[in-house]
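Subject: Structure handover and salt bridges

Hi there,

Here is the structure I promised to pass on.

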Amino acid sequence: MAVLQMQRISICAMKKNRKAILEELQSLGVLEIDAAELDPDLETMDTMNARLLFEKNASLCDQAIMILDEFSQEKESMLASLAGKPLIGRKQEQEVIENQEEILKAAREILEYRKRLTENSAAVIKIEQQEAALAPWIALDIPMNFSGTELTAVLIGSIDGNVTRDQVYARLAADAPDLEAFDIQEISSDAGKLCLAVVCLKSQAQQMEEALRMQGFARPAQLVSEVPAQELQNLKDEVERIHKETGRIQEKIRSLHTHKNNLQLVSDYFRIRAQKYEVLGQLRQSASTFFVTGYIPKKQVPSIEKRLTEKYDIVFEAEDAEGENVPVALQNGKFGAAGEGVLAAFGLPGKGEIDPSTIMTACYVFLFGLMLSDAAYGLIVFAVCLGVLLKFPRMESGMQKSIRLFMYCGLSTLFWGVMFGGYFGDFIDVFSKVYLHRPVTVKPVWFAPLNEPMRLLVFSMLFGLIHMFLGMGLKGYMLIRDKKYLDFFCDVVLWFMLLMGLILIFIPSSMFRSISQMDLNLPAAVVQIGKWMAIIGAVGILFISGRDKKNPFLRLALGAYDLYNITGWVSDILSYSRLLALGLATGVIASVMNQMGSMLGDSILGWIVFILVFVIGHIFNLLINLLGAYVHTCRLQYVEFFGKFFEGGGKEFHPFRENTKYVDIKED
């Protein structure tokens, strides 16, 4: 539970060692480089062309890998993404990098094969369109580009519309009565299109075509030199040839799958170099030296300084980092780190704030289990998450933390399920009564919320009050740490007195007895103490909250406004009724599923229906309530808990490191 202390370091070294030192810092991955405060009059190096080349080579390998995956016969499992990146030694990486030209050549070959496949696919589509255009002419027994003999002309074309050959003859007789000695052959008539072959005297060919055009006659777009039937067969043969060629190309691509691992290493190699050259272009340099500045966790400074000064002639300086731009890095144990993702979704600690990860994780797990509150569901969640963590030890860090958080939430759910007697809802009661004909009941260790919902409501609000008081306590801790004792008294102690006083007054009241169905008779002295605590707290808030204002009326108005925030506390406490709502929802839906499944009784059909309803219904109930518990627990942390002491807004620490896509590289 700590925000790492950051130091700003400055390094001045010889220009000849620039790339080597950058590679050293990149492999260590502990320094966030920031050159903003360096002298702008110093020069920078133009690395754009080199970066573009490295990024181009990395992209080339990435595309080749995607193509190999597309045609690979090895299908990855749904959980393969959880496995994380394989760990590769530096020596193995170097062996592959030495053959980078051959690997890049293989990548280009794969892309060329993919290009040919795309061209083949386009060619097949084009041929299919040609086949469709030839289909109406399949009965034509002469080539479509045949123009006629020495004395005759042949006009091949079509007329759109529902016309017949006789109608064409009639129109020709009316429009061109001078035409003589011609013949019209109908090739096909389908889908409102009449295909014709017209034979006429060559001397009257132009007149004939003009007369036909008046009826909508048009030549075909594709005039082939073969008889249509033969041309259609040629096209089919071409399609078959293309398919065979496509199959051979696909096999060649599959045969290159052995290059995938090397392609991944080379891709990451060029990606790392591009990152290095990006930083290299930001560094300030003189004629013979260069400068590196940035932020690093204080505990890392001695080892980094020793490592660099032993290898290179450098000037190394470190000082405590201050200011708004200092990046934030968290350090927690496994339990606290599990909740860092939830914290980061809200915001990292701002300047002067503590890291609440561990405390927040404990509260998160506690409240999550209270919302889900079924022992069987909790055991399932815990077992699944534990299995995933054991099976995939190299899982990506953020995902690993999230799954570990849900594993802890599963344990909490198991605990509350035992306390409330929920095992797939009332499964044990229903199953034993209907199918064993011998009722068996597992009593809750504490109480059953379905039978005593108001009792759970009271405890939900009690847990909520403790949760918010904890947040207020953390605020008090930060104020005392910063020696702001007056602020601690005014903003924490007075509010604590007011709230505790009101609670002590409220507990013996008839309203509390009506809601909680509990009769708690506090001693009169305790109630009297509560009254005075509330009065002192309220008066103190009224007169001291606006202490930074000199105008007494403005100070009083601000105090009254601050005192009005008591309504916000009431609203926040009521928000914890969602613990009751979601806890009851889990049990009610589970019970409904059990009742629905057992409606057909102890029969073969009844067993089948029960199993189906049980499996499907409880999976649905588990998933929907997991989502609900996650969302509402986050909401309670962000609004009710963080609202008492935490603002966030810190800048995340992004060290200069080897950000790879496919593999992690370790030092041998």
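A salt bridge here is a side-chain nitrogen of Lys or Arg within 4 Å of a carboxyl oxygen of Asp or Glu. This is a predicted model, so local features need pLDDT of at least 70 and side-chain atom pairs count only at pLDDT 80 or more, while totals for chains, interfaces and linings use all residues. Residues are numbered from 1 along each chain as its sequence is written, and side-chain values use heavy atoms, leaving out hydrogens and water.

(Helices are DSSP runs of H or I with at least four residues, numbered from the N terminus.) Lys260 is buried, at 12% relative accessible area, whereas Asp69 is partly exposed at 36%; buried means under 20%, exposed over 50%, and partly exposed in between, with a 1.4 Å probe and protein chains only.

Helix 8 (residues 260-280) also holds Lys276, which forms a salt bridge with Glu23 at 2.8 Å between the closest N and O atoms. Glu23 sits in helix 1 (residues 18-28), 253 residues away from Lys276. Lys276 is buried at 4%, and Glu23 is partly exposed at 43%.

Within helix 2 (residues 48-71), Arg51 and Glu55 are four residues apart, about one turn, and their side chains meet in a salt bridge of 3.7 Å, N to O.

In total, the structure holds 31 salt bridges.

Best wishes

Definitions and conventions. Helices (H or I, at least four residues) and strands (E, at least two) are DSSP runs, numbered from the N terminus.
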